[in-house]
Amino acid sequence: MPAAAPRAIRILRSDTDGAAVAALVGRSSARNAEVERTVADIVSRVRRGGDRALLAFAKKFDGLDGAIEVSRAEMRTAARQVPPPVKRAIRLAAVNIRTVARKQVPRSWSVSPVAGLRITQRVTPLDRVGCYVPGGRYPLPSSLLMTSIPAIAAGVREVFAVCPRPDPTVMFAALEAGITRLFRVGGAHAVAALAYGTDSIPRVDKIVGPGNAYVAAAKALVAADCAIDFFAGPSEIAVVSSNGVAEWIAADLIAQAEHDPDARAILFTPSSRLARDVEAEIVRQLPATGPAAAALKSNGGIVLSRSLAESIALCQRLAPEHAVCDNDAVAARLTRAGTVFVGALSAQACGDYVTGSNHVLPTSGAASARGGLSAADFVRVSSIQHIGRRALARIGPAAVALAEAEGLTGHAESVRVRLKTPVASAFRRKSKAGGSLPRARR
């Protein structure tokens, strides 16, 4: 009897393959010590050497030959090469991303918990943001749109984009988004320049956007000095389905797997028939070239669960970047995912481009604590506090009691001294000393 052909994707049973299922669901991005050492050296050199080091690395790794900054004239010239259907697609995506982003900006408000006390939430945009746009195997104008438009919608005054090899579609997207400056540089050296500043690239307040392992390691390294969105690991999709269309589910798994050999694509289902049908469709649809086959074989899987509830629980443990499910009832229970697609027609690939929801999403379990990039990531939310005389009389004794309970006598005295001395007397004393105080709020 001939040996069975190797499977394109594993089928695991939750009742008999518990250890394998746990490994599949629990797998997280492994740190690469060699990558981290290389990145640390690059970042250190750019931080110390500025443009000299930046340009040396750009020539070595990016093939830079010419100016590091792309001029507006160059962008406009390149944009004329973009086919009209692609231009229309970029414009549609930009409109939808902008519409969603404007809804995401937090609002300022004021509230008075007690009479004479006013707490205000103040929302102010960051001053300058850097958007990383990968320039590897394929041009990614969608990444430029997804990172820059929410920042601009939030009111950020200067939005930079870095891309090692911006093609005409990326340049057209830059114009459409309205970015401030575009730099022809990438990798860990670009991240370092954004984080610490050089003569060519001013320092930014925050760096956002996906990248390879070197970019991810560089972002993690500079995070102590410059805010980042989040650590980005390999792409992920988890499908939870009892009665989905096998052909479409297989297509979704392959689509996600084609990002990277380390990408994860998993189906959780209680239906043995659906499991077999999806496996057969993957064999039929799988391309002969590209990383999808390796990703599905090494990191993908079909998990046959004992019930739909167990499939949901496994997906919750995974906390995937993308979750796909059959209906709203299941979606309501999938609370640990970067984004959730509901219904057979909700192709995850549409979310990568044109729905308007952001495709920069948490991976490697980070979706257990946060969602994707949004306009809210580009503002500072701070509070302003006004305490009047009536409010101090009401809340001051409680502040004193709590400070003394914690052994912080200085804290207690800073409140007690205000309670002991009438406001008018304090003002008169200050005035006699030659100073002045603003009028007290009543």
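**Ala337**

I started with Ala337, which counts as buried at 13% relative accessibility (buried is under 20% relative accessible area, exposed over 50%, partly exposed in between, with a 1.4 Å probe and protein chains only). This is a predicted model, so I kept to its rules: local features need pLDDT of at least 70, side-chain atom pairs count only at pLDDT 80 or more, and totals for chains, interfaces and linings use all residues. Residues are numbered from 1 along each chain as its sequence is written, and side-chain values use heavy atoms, with hydrogens and water left out.

Ala337 lies in the loop between helix 14 and strand 14 (339-342); helices (H or I, at least four residues) and strands (E, at least two) are DSSP runs, numbered from the N terminus. I looked up its contacts, meaning heavy atoms within 4.5 Å. Not counting residues up to four places away in sequence, Ala337 touches Pro320, Glu321, Ala323 and Ala367. I also checked Ala337 against Arg13: they are 324 residues apart along the chain, and their C-alpha atoms are separated by 23 Å.

**Helix 13 and what covers it**

Next I went to helix 13 (residues 308-318). Its buried residues are Glu310, Ser311, Ile312, Leu314, Cys315, Gln316 and Leu318. The cover over these buried residues includes helix 1, strand 10 (236-240), strand 11 (264-269), strand 12 (301-304), strand 13 (322-325) and helix 14 (328-331).

I picked helix 1 out of that list. Two packed helices are described by the angle between their axes and the distance between the axes. Helix 1 (residues 18-26) packs on helix 13 at an angle of about 45°, with the axes 8 Å apart. For the record, axes are lines fitted to C-alpha atoms, for helices over the stretch in contact, and angles run from 0 to 180 degrees between N-to-C directions. Helix 1 and helix 13 are therefore oblique to each other (under 35 degrees is roughly parallel, over 145 roughly antiparallel, 65 to 115 roughly perpendicular, the rest oblique). Helix 1 brings Val21, Ala22, Leu24 and Val25 to the contact, and helix 13 brings Leu314, Arg317 and Leu318. By class I get six nonpolar, no polar and one charged residues (Ala, Val, Leu, Ile, Met, Phe, Trp, Tyr, Cys and Pro are nonpolar, Asp, Glu, Lys and Arg charged, the others, Gly among them, polar).

**Positive phi**

Most residues other than glycine have a negative phi. I noted two residues that go the other way. Ala319 sits in the loop between helix 13 and strand 13 and, at 1% relative accessibility, counts as buried.

Ser364 has phi near 55°, also positive in a residue other than glycine. Its place is the loop between helix 15 (348-353) and strand 15 (379-387). Ser364 is partly exposed, with a relative accessible area of 25%.

Gln121 is in strand 4 (residues 117-125) and is buried, with a relative accessible area of 18%. A polar atom of its side chain lies 2.8 Å from the backbone oxygen of Arg107. Leaving out residues up to four places away in sequence, Gln121 touches Arg107, Ser108, Trp109, Val381 and Ser382.

Then I looked at Ile384, which is found in strand 15 and counts as partly exposed at 27% relative accessibility. Beyond its neighbours within four places in sequence, Ile384 is in contact with Arg118, Ile119, Thr120 and Arg122.

**Aromatic pairs**

How many aromatic pairs are there? I get two, pairing rings of Phe, Tyr and Trp (its six-membered ring) with centres within 6.5 Å; planes under 30 degrees apart are stacked, over 60 edge-to-face, the rest tilted.

Phe57 and Phe61 are stacked, at 5.9 Å centre to centre and 10° between the planes. They are four residues apart in helix 3 (residues 51-62), so about one helical turn separates them. Phe57 counts as buried at 10% relative accessibility, while Phe61 counts as partly exposed at 42%.

Phe160 and Phe183 have ring centres 5.7 Å apart and planes at 80°, so this pair is edge-to-face. Phe160 lies in strand 6 (residues 158-162) and Phe183 in strand 7 (residues 181-183), so the pair ties together parts 23 residues apart in sequence. Both Phe160 and Phe183 are buried.

Conventions:
Polar contact = N/O pair within 3.5 Å; in protein donor to acceptor, adjacent residues only side chain to side chain.
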